[in-house]
Amino acid sequence: MSAVLLGSLSIGWAANTAEPAARAPSASAVEGLQTLRLGDAAPEFSLPGIDGRTHTLADYQDARVLVIAFISNHCPDSQAAEGRLKKFVSEFRPRGVTLVAINPNNPEGLRYEELGYSKYNDGPDDMKLHAQEQGFNFTYLYDGETQATAKAYGCLATPHLFIFDAARKLRYQGYLDESRFADPATVKKPAARNAVEALLAGQPVTVAETKPHGCSTKWLEKKSAVAAEIANWKEKPVAVELIDAAGVAALRKNGTKKLRLFNVWSTRCAPCVVEFPELVKTQRRFAMRPFELITISLDAPDDLSRAKAFLERNHAALPDRLKTSLEAEGRRSNNYLFNGASQDDLVAALDPEWPGPMPHSVLVAPDGKILWRHNGKVDGEELRAKVLEIMGRYYMPE
């Protein structure tokens, strides 16, 4: 995928919509959440690792410097830092530095829309897959079941690093560095690296505290809010409008900053009915990113109410973040029913390479180029992996 396209899909919403700080609970809202001070001893822990072992603080007693890095699978800031964390480990491990990564998140505290930057959730099974896929060269532990370790250390976000000297006294806490992008060239303040270098040299850490950036810790206290979000989605109104070939051609041309997924379907098409929930899941998954699902029904025009009822049963609603962009385009819905007499006209307007049968899906770039097409029932996981491949796992600079 070209840098130009990735940039066009990253500007606008992408840099500001991962997880607003306002959603993070205050310290008082999370029972047992502590704040480590410089000089405090490293809290004990006993946590399962993706290697099948239970890991404790004592396992790392021989390290000259111990880095506890709270990271996660889903967070774009955390994913962007992974390459630098791996390089950090490769460079410092021979010098007696050990880095232990801990995932503090409980999947039940994570809204589905917050998974738009990752193939994986934050549970232990997904941690194994993510670590293997990304080639982690460090220990990865799971704290999501009780979150006792995250509370003891005072983990506020992912990534959030705590660096301890040989006596296991806290000498640095905060970010790895200030950049939320993956490109190492964007790093100007390598605070964690500088802290480790100082400790290895027997020098005081000059910058000992920074403010972590990234996604707020997904505490179990968020579980009720997640349930409310699901219930709210199911109550959203669903609209469907008639559209002709010219209207489809205009949508297909795109010209917005959004990646568009078009799906042609019918209530009388069995594969269409089976796959449709996966399309809605995909829309929800990327609801916080510049992504739009556009459905086009080939039911008869006088069956508009039938199509609308089906869309309502499947909760094919418009995400709130899309409403402004649709209003700017003069549109009211992302669900349509084709009212033309000839399917040939629809094929010509949407995708001349469409062989004819339904369902048919295409991913269209902001410049109108078709990036992916699929005829027949889609596999939801494969579809979402393709969308993520195109849009990227982390923020991109403009």
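Q: Which helix is Arg 284 found in?
A: Arg 284 is in helix α8, residues 270-285. Helices (H or I, at least four residues) and strands (E, at least two) are DSSP runs, numbered from the N terminus.

Q: What kind of model is this, and how are residues numbered?
A: This is a predicted model, where local features need pLDDT of at least 70, side-chain atom pairs count only at pLDDT 80 or more, and totals for chains, interfaces and linings use all residues. Residues are numbered from 1 along each chain as its sequence is written, and side-chain values use heavy atoms, with hydrogens and water left out.

Q: Back to Arg 284. Buried or exposed?
A: Buried, because its relative accessibility is 15%. The cut-offs are under 20% relative accessible area for buried, over 50% for exposed, partly exposed in between (1.4 Å probe, protein chains only).

Q: What does Arg 284 touch?
A: Tyr 112, Glu 113, Ile 230 and Trp 233, leaving aside residues up to four places away in sequence. Contact means heavy atoms within 4.5 Å.

Q: And Arg 171, where is that?
A: In strand β8, residues 170-174. Arg 171 counts as partly exposed, at 31% relative accessibility.

Q: Which strands form the open sheet?
A: Five strands, ordered β5-β4-β3-β7-β8, with mixed pairing. Two strands pair if DSSP finds at least two bridges between them.

Q: Why is one side of β5 and of β8 left without a neighbour in the sheet?
A: Because both stand at the edges, each with a single partner strand.

Q: How many bridges join β3 to β4?
A: Six, and the two strands run parallel. Ala 69 stands opposite Ala 101 in β4.
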